[in-house]
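The structure is shown first, and the description follows.

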Amino acid sequence: QVQLVESGGGLVQAGGSLRLSCAASGRTFSTYAMGWFRQAPGKEREFVASISWSGIHTSYADSVRGRFTISRDNAKNTVYLQMNSLKPEDTAIYYCTAKLGGDFSYTPRLQYEYDYWGQGTQVTVSS
């Protein structure tokens, strides 16, 4: 069992930055691919970014590519999402996810691929 706890959300003006963190419990963090999803009010949850367990491979939604960066620190059992040039449409609850297994380049993008989910952290971008 893996528990995921997100932090770092908040209120920021358009054009600003935030860094989300997700701390994972358990000793096998380095074997999990990790991802971030988000859900805006009235919308379905959508993929944001993912990173392979090796940390070498990443994948991004078109809407955030070039503005967001996903990274991980396996020694700290933590995955990060650096969000720059934030826009009002980035307002959402952001969820951290974990997927056990896969090869070193595996960067899942679909919700059903993931095994564990955090409770989410709110990000609000004002115009």
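## A buried charged pair and its network

Arg38 and Asp90 are both buried, a term that denotes under 20% relative accessible area, with exposed meaning over 50% and partly exposed in between (1.4 Å probe, protein chains only). The model is predicted, so local features need pLDDT of at least 70 and side-chain atom pairs count only at pLDDT 80 or more, while totals for chains, interfaces and linings use all residues. Residues are numbered from 1 along each chain as its sequence is written, and side-chain values use heavy atoms, leaving out hydrogens and water.

A salt bridge is a side-chain nitrogen of Lys or Arg within 4 Å of a carboxyl oxygen of Asp or Glu. By this rule there are five salt bridges, including those tabulated here.

| Pair | Closest N to O |
|---|---|
| Arg38 and Glu46 | 2.7 Å |
| Arg38 and Asp90 | 2.9 Å |

Arg38, Glu46, Arg67 and Asp90 are linked in a network of salt bridges. Relative accessibility is 5% for Arg38 and 0% for Asp90; Arg67 is buried at 11%, whereas Glu46 is partly exposed at 35%.

The protein chain has zero helices and 11 strands, where helices (H or I, at least four residues) and strands (E, at least two) are DSSP runs numbered from the N terminus. Buried residues make up 44% of the 127 residues in the protein chain. The C-alpha atoms of the protein chain fill a box of roughly 40 × 25 × 25 Å along the principal axes.
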